[in-house]
Amino acid sequence: MVSESGTYVYAVGRNLDEEVLSGLEGVGGSSVRMISHRELTAVVSTVDLEEFGEAALRRNLEVLAWVEETARRHDEVVRRAAAITTALAPFRLVTIYRSDDAACDRIEELYDDLVLVLDRVDRRSEWSVKVFCRARSVPSATVEAASSGVAYLERRRAEIRDRQQAAGEQQMLADQLFWDLVPGAAATRRLPPQDQKLTGRREPMALNASFLVDDEHSTDFFELVNETRARYPSLDIEVNGPWPPYSFAVLDKP
Amino acid sequence: MTVQTHTAVTTEPSLVDLLDRLLGKGVVVTGDVVVSLAGVDLVRIQLSAVIGSVRKEMGNL
Amino acid sequence: MTEPLLPLTDRIEANADTVERELLKLVLTIVELVRQLMERQAIRRMDEGDLSTAQVEELGLGLMRLEDAMTALREQFGLSASDLNIDLGPLGSLLPE
C-alpha cells in the first residue's frame with residue numbers, strides 16, 4: 001500500500017540557494033528541498049501522512065517526545081535557511097499541504113502578506129527577553145502563635161496583602177522595563193509567561209517578550225538590555241538572540 | 001544573515017522558547033470541591049481557577 | 001531513528017517509592033490549596049462584617065490549627081512549602097504563596 005504524502009513547509013524566503021540546503025534532514029526523516037514561486041522560495045520536505053496527516057497529528061502532538069523531536073528538526077532547518085539569506089519568514093510547526101502545487105497555490109494567495117513579512121524582517125533578528133521576579137527574602141518562620149482566632153486571621157490578611165503588593169510592584173517594574181526596551185526595536189511581541197515546569201525556575205515570570213532588532217544594531221540592543229539590569233535590581237533578566245524572526249512572521253491565515 | 005558579535009548570546013532557543021513560538025498552547029485543570037469549616041459552608045471551588053462563595057443561612061449556628 | 005532527546009520534565013521513575021511520593025505531593029498540594037482558599041474566604045467574610053465575632057473566632061482558631069497540621073504534615077514528609085505547587089501555565093501557579 002502506498003501511503004499518502006504531503007508537503008511540509010518550514011519557511012519562505014527570497015531567492016534561496018538550493019545547493020546549500022539540499023540533503024539536509026528534515027522532520028520525520030525526510031529530505032529538505034525548495035520550491036520556487038515568483039521570486040519566493042519555500043523550504044519544504046515531503047512527509048508521510050501516516051505520521052503528519054490530520055488524525056496522526058492529533059495523536060502525535062500529545063506525545064511530548066514527538067513534539068520535541070519535530071520542533072528541533074524544524075528549527076534546525078529554519079536556522080540553516082536563515083543563515084543563507086537576509087529575509088526569511090519562518091512558519092509554525094506542522095504547516096502541511098496536500099502537494100507542492102497546493103503549497104504554491106497557497107503561497108500565491110498569501111503573496112502580498114508574505115512580501116510584507118519579508119520586508120518587515122529583512123536584515124532583522126528576533127531577541128527574547130524574559131524577566132523573573134527575584135524571590136524576596138522571607139522572614140524565618142519564627143512567628144509567635146497568634147493569641148486568638150481573630151488575631152490569626154488579621155495577621156494572615158496582612159501577610160497576603162504585603163505579598164500581593166510586592167508581586168504587583170514587580171509586575172509593574174517588568175512592564176516598565178519592557179517599555180524601556182521598545183525604542184531599541186523595530187517591532188515587539190509579548191508572549192504569555194512560561195510554564196514553570198518547563199522553565200525549571202521557581203520564580204514567577206513577569207515578562208516574556210520578543211523584539212525585532214536590526215542586525216546592525218544588535219550590539220546596541222544587547223547593551224541596552226544590560227543597562228536595565230542596574231535599574232531593576234529586583235528583577236532577574238534573561239536575554240537571548242539573535243534568532244530567526246519566528247514571532248514576527250505570523251500570518252493570521254494558515 | 002546571522003550576525004556574529006562577541007556580545008551576542010547566540011545560544012539556541014530552549015525547547016520551551018521554541019514551543020512558545022512554533023505552537024499555540026493552553027492549560028486547563030477542572031474539578032469541583034465543596035468545603036466547610038466550623039459549620040459554615042465557606043467555599044465552592046472549581047479548580048479551573050474560578051472561585052465563588054456559598055453563603056449559608058446563619059440561623060442554625 | 002535519532003536518539004530520544006532529554007526529557008522535558010523530571011521523569012517519574014517506574015519505582016513504587018517515587019510514585020508514592022509524587023502522589024503525596026499532589027494530594028498535599030490540593031489540601032494546601034483548599035486551606036489557602038478557605039483562609040481567604042474567611043478573611044473576606046470577616047472584612048464584610050458577615051459573621052458574628054464568635055464565628056470569626058471559631059473560624060480563625062480552626063484555620064490556625066489547620067495551618068499547624070499542614071506544617072507538621074510537610075515536616076513529617078520532608079517537604080518544603082515550595083515543594084507543593086501546580087503550574088497552570090497561563091493561569092500562573094496554583095498556590096501563589
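Hi everyone, let's start with one residue. A:V43 touches A:Y10, A:A11, A:L16, A:L21, A:V32, A:M34, A:V77 and A:A81, leaving aside residues up to four places away in sequence. Please keep in mind that this is a predicted model.

So what does A:V43 belong to? The largest nonpolar core has 41 residues, and A:V43 is among those with the most contacts inside it, along with A:Y10, A:A11, A:A42, A:A81, A:A89 and A:V121. From chain A, β1, β3, α4 (64-83), β4, α5 and α6 each supply at least two residues of this core, and so does α1 (15-22) of chain B. The most comes from α4(A), which gives six residues. Domain 1 (5-121) and domain 2 (124-248) of chain A both contribute residues, so this core lies between them. There is also a second, separate core of 20 residues, including A:V131, A:F132, A:A174 and A:A206.

Now let's look at helix α6 of chain A, residues 111-121. Which of its residues are buried? They include A:L114, A:V117, A:L118 and A:V121. These residues cover an arc of only 95 degrees around the axis, which puts them on the same side of α6(A). In general, an α-helix has 3.6 residues a turn, so residues three or four places apart point the same way. On the other side of α6(A), A:D112 and A:D119 are exposed.

And what covers the buried residues of α6(A)? Among the elements of chain A that do this are β1 (5-14), β3 (40-48), β4 (88-90), α5 (100-109), β6 (124-133) and β8 (205-214). Finally, α6(A) is followed by A:R123, which has a positive phi, near 55 degrees.

Conventions: Residues are numbered from 1 along each chain as its sequence is written. Chains are lettered from A and ligands numbered from 1 in the order in which they are written. This is a predicted model: local features need pLDDT of at least 70, side-chain atom pairs count only at pLDDT 80 or more; totals for chains, interfaces and linings use all residues. A residue is buried if 20 or more other C-beta atoms lie within 10 Å of its own, exposed if 12 or fewer, and partly exposed in between; C-beta atoms are placed from the backbone. Helices (H or I, at least four residues) and strands (E, at least two) are DSSP runs, numbered from the N terminus. The arc is that of the directions from the helix axis to the C-beta atoms. Two residues are in contact if their C-beta atoms, placed from the backbone, lie within 7 Å. A nonpolar core is a set of buried Ala, Val, Leu, Ile, Met, Phe, Trp, Tyr and Cys residues joined through C-beta atoms within 7 Å. Domain bounds come from an automatic or database domain assignment.
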